[in-house]
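Dear colleague,

I am handing over the structure below, and my notes on it follow. Please read them with the coordinates open beside you.

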Amino acid sequence: MSSNRVVMYYQTQKQGRYISPLPLIGYITHLLLAAFHLNMGNVGPDIVHLNDFMPAASYYDPMWPDIATMQANGIKIIGMLGGAAPGTYECLVDDLFDTYYPPLRDVIRDYKLDGMDLDVEQWVSPEVITKLILQLKADFGDDFIITLAPVASALTRGGNLSGFDYIDLEHNLGQHIDWYNAQFYSGFGIDPDRIVALVLTNPANGGGYISEASVVESIGNLMEKYGTNWGGVGGWEYFNSRPDPSQPWKWAEMMRDAMATTKAKIEGRIGTNSTEERVKSRMFTNLNK
């Protein structure tokens, strides 16, 4: 499983003009396409919306070829399911699952998504999330990426928006979950290489914004504490990312470079220490001949 991921959420596809994700090529590892919703009472393809429209709507005509190009360049495309808008997971209870899950499955197949990010911000039973994860794996195989996006405190059995216990879920289904997209915090209930620290890329995107300079500093601290295989960093969201919203890919470039630089520094230091230990060992051996 890869670590040091750079994850970018891509929800705003138009802001007066189409905002292409292509400039992110070379800087990110995963693009999280947000947000897919299931609409109770709708029928057929109209059950699944990507934000305000069906995925097949002409609104997205410029986007899908760009998504394919990103995949061709090695970037994994993950659909984000749910989020702040309620209702999606209510469609996936036992007696509704066979009605609302198949259209979601079809969208994943039709658009060749590499995985799904399950963002559960409403009460959902452990049985519902378990069934969904197992069904996705059954339909798409072991290589299909499944992530979840809990509030950070949920990974230490603190505050939780989702209803189910993430530590219990990890214990029971961890082999089917690739990683968790969570905010910065200290102390994990889950292996650090399976945590992506999710932050806002612009203060306009919500409360709790952390400047990119502070994020870079935190990356160094996290990698020093948890090792070079620490899971990575993610941003919400792409279109207006600082430090320069006119070039929003610059945020991802900064994060990629920060992780690469810190990893090289740590591994270089470890290599130097190992060399010094070998030299000391040889000196001690020679003195005792």
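Two strands are said to pair if DSSP finds at least two bridges between them, and helices (H or I, at least four residues) and strands (E, at least two) are DSSP runs, numbered from the N terminus. This is a predicted model, in which local features need pLDDT of at least 70 and side-chain atom pairs count only at pLDDT 80 or more, while totals for chains, interfaces and linings use all residues. Residues are numbered from 1 along each chain as its sequence is written, and side-chain values use heavy atoms, with hydrogens and water left out.

Strand β5 (residues 115-120) pairs with β6 in the parallel sense, over four bridges, and Asp117 stands opposite Thr147 in β6. From strand β6 (residues 145-148), Ile145 and Thr147 point one way and Ile146 and Leu148 the other, yet all are buried, where buried means under 20% relative accessible area, exposed over 50% and partly exposed in between (1.4 Å probe, protein chains only).

A nonpolar core is taken here as a set of buried Ala, Val, Leu, Ile, Met, Phe, Trp, Tyr and Cys residues joined through side-chain atoms within 4.5 Å. The largest such core has 73 residues, of which Leu31, Leu118 and Leu148 touch the most other members. Apart from it lies another core, of 14 residues, among them Ile78, Met80, Ile145 and Val196. With contact meaning heavy atoms within 4.5 Å, and leaving aside neighbours within four places in sequence, Leu118 is in contact with residues that include Leu81, Tyr89, Ile129, Ile146 and Leu148.

Two further residues may interest you. Gln122, placed in the loop between β5 and α3 (126-140), counts as buried at 12% relative accessibility; beyond its neighbours within four places in sequence, its contacts include Pro86, Tyr89, Glu90, Leu161 and Gly163. Glu170 lies in helix α4 (residues 166-173) and is buried, with a relative accessible area of 18%; leaving aside neighbours within four places in sequence, Glu170 is in contact with Tyr180, Ile190 and Arg194.

Lastly, a pocket is an open set of points on a 1 Å grid over the protein atoms alone, where a 1.4 Å probe fits, with protein on both sides within 12 Å along at least five of seven lines, and lining residues have an atom within 4 Å of a point. The lining of the second largest pocket includes Pro45, Met54, Asp106 and Tyr111, and its largest share, four residues, comes from helix α2 (residues 94-110).

With best wishes
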